[in-house]
Amino acid sequence: MARKLFGTDGIRGKANTQPITADIALRLAQAAAIKFIRGDHRHLVIIGKDTRLSGYMLEPALTAGFISMGMDVILLGPLPTPAISMLTRSLRADLGVMISASHNAFEDNGIKLFGPDGFKLSDEMELSIEHHFFDEPQLLNHLAAPTSLGRAKRLDDARGRYIEFVKSSFPKGMRLDGLKIVVDCAHGAAYKVAPMVLWELGAEVIPLSVSPDGLNINKNCGVLHPKLLQEKVIESGADLGIALDGDADRLILCDEKGRILDGDQLLAMVAESWKNTNRLIGQGIVVTVMSNIGLELFLKNINLKTYRTAVGDRYVTDYMRKNGFNIGGEQSGHIIFLDYASTGDGLVAALQILSILKQSDKPASMAGKKFEPLPQELRSINYKGQLPLQHQQVKKAIESAEASLGKNSRIVIRPSGTEPVIRIMVEGEDPYKVSQAVNDIAEVIKQVS
């Protein structure tokens, strides 16, 4: 059965329109509480958020929903998504909630849920929560008695706890002294913790996009808009730059020459280093269908395998857990180190990469570029009505494009999990053929939708 509320990464949409409204947030909290109230202890949920204006609407609505079901609530304020994952485990909470739309503009918001183990919920669990959400009599039957209502409070040292957790992932005895680092926090959830972590480890830090006003998160900055970072790195003569997104669960790097290192390049660097130091578990890494073939060929050349999943860091994490891997991630910059964290963590990933750079004693431009990516083109196509991917003309266009591309090529076409958009990704050795394939498929989809 298809989920109606949850998408690829929690629930997401335009703030104050369905499904991101106060009443839906309240009901969602009540439905989730039914699944996570187990036993007779005082049940606890923690709630964090990024810096969007609409967080002030969703946070109290979720709080009211959980309290109405008898769950205590700890409010953490603006913190990265991975901090919520970590603190859910650390505080022995029954549930963790993050209010964020990640890299989206401020108009959007979202709700992500973490189980008591700090991992994102499975599709099956989300479907079960939806079942309770749409069963109003059941919600009413589970409301707590007046004497059993939950309570809410704030945790003042949440930021400090997370900073110490992140620093603990860095090799003991190693420092960042002598490194000048630009960090773009996207006016988001890491605007305080990211510069602090790097400074406390000894780096000279140049912070960017650290003045959130509720409306400027991800605006012309962060992971999706790295031009500001690139310019500042070159202008300041920095050793490298780090860009985070709005909830700091992903990153990209910029070397001292202003060139971007995406998630694929970072995964290649980490995989090779951890293989050489006998830290890599599973003789390979886990990526999604979007990772470049160049990464796969590089790993094959050093006798490592590539395992692919559907798009979404939680699918990568789930595969890693089930099959015994400790490194995985996405081209977009989600990198999961299961030795340290239960979800993508931009700061933990940054420190792992910085430790590799320090040990190599090479500039980022030399140590970070591990392979030449094959030409790859992405396109997003809006559609109306029914999903057109099963249309015969679309299938024929895809088959024709596959035949024209030849070896070392891929076509990945998938619907967005949050909007009526089809994502087209074509990859191959000939950039002209890649571009032509994208154009041909896109035109057919437009014609039939």
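Modeller: Helices are DSSP runs of H or I with at least four residues, strands are runs of E with at least two, and both are numbered from the N terminus. Please keep in mind throughout that this is a predicted model.

Colleague: Between which two elements is the loop that holds N303, and is that residue buried or exposed?

Modeller: N303 is placed in the loop that runs between α10 (293-301) and β13 (305-309), and its phi is positive, near 65°, although the residue is not glycine. Exposed means a relative accessible area over 50%. The value for N303 is 62%, so this residue counts as exposed.

Colleague: S102 also has a positive phi without being a glycine; is S102 buried or exposed?

Modeller: The phi of S102 is about 55°, and the residue lies in the loop between β4 and β5. Buried means a relative accessible area under 20%. Because its relative accessibility is 3%, S102 counts as buried.

Colleague: Which residue in β5 is the bridge partner of I99?

Modeller: Strands of a sheet pair through backbone hydrogen bonds, in either a parallel or an antiparallel sense. Strand β4 (residues 95-99) and strand β5 (residues 108-114) pair in the antiparallel sense, over 4 bridges. Within β5, the partner that bridges to I99 is I111.

Colleague: Which strands stand at the edges of the sheet that contains these two, and why is one side of each left without a neighbour?

Modeller: The sheet is open, with mixed pairing, and its 6 strands follow the order β1-β5-β4-β2-β3-β6. Each edge strand has a single partner, so one of its sides is left without a neighbour in the sheet, and these edge strands are β1 (11-14) and β6 (152-154).

Colleague: What angle does the direction of helix α1 make with that of β5?

Modeller: Helix α1 (residues 22-36) packs on this sheet, where it touches β1, β4 and β5. Taking its direction together with that of β5, the angle comes to about 10°.

Colleague: What is the omega of the cis peptide bond that ends at P19?

Modeller: P19 is found in the loop between β1 and α1. The cis peptide bond joins this proline to Q18, and omega is about 5°.

Colleague: Which backbone oxygen does the side chain of T63 reach?

Modeller: T63 sits in helix α2 (residues 55-68), and it is buried because its relative accessible area is 8%. Leaving aside residues up to four places away in sequence, T63 touches I47, V73, L75 and A152. An α-helix has 3.6 residues a turn, so residues three or four places apart point the same way. At 2.8 Å, the side chain of T63 reaches the backbone oxygen of E59.

Colleague: Which residue in β9 is the bridge partner of D184?

Modeller: Strand β7 (residues 180-184) is mostly covered, with 4 of its 5 residues buried. It pairs in the parallel sense with strand β8 (residues 204-208) over 5 bridges, where V183 stands opposite P207. β7 also pairs in the parallel sense with strand β9 (residues 240-244), over 4 bridges. In β9, the partner of D184 is A243.

Colleague: What handedness does the unit made by β7, α7 and β8 have?

Modeller: A crossover is right-handed if, with the strands pointing away from the viewer, the path from the first strand over the helix to the second runs clockwise. The β-α-β unit of β7, α7 and β8 is right-handed.

Technical notes: Residues numbered from 1 in each chain as written. Predicted model: local features only at pLDDT ≥ 70, side-chain atom pairs only at ≥ 80, totals over all residues. Heavy atoms only, no water. Buried < 20%, exposed > 50% of the residue type's maximum accessible area, 1.4 Å probe, protein only. Polar contact = N/O pair within 3.5 Å; in protein donor to acceptor, adjacent residues only side chain to side chain. Contact = heavy atoms within 4.5 Å. Pairing = 2+ DSSP bridges. Axes fitted to C-alpha atoms, helices over the stretch in contact; angles between N-to-C directions.
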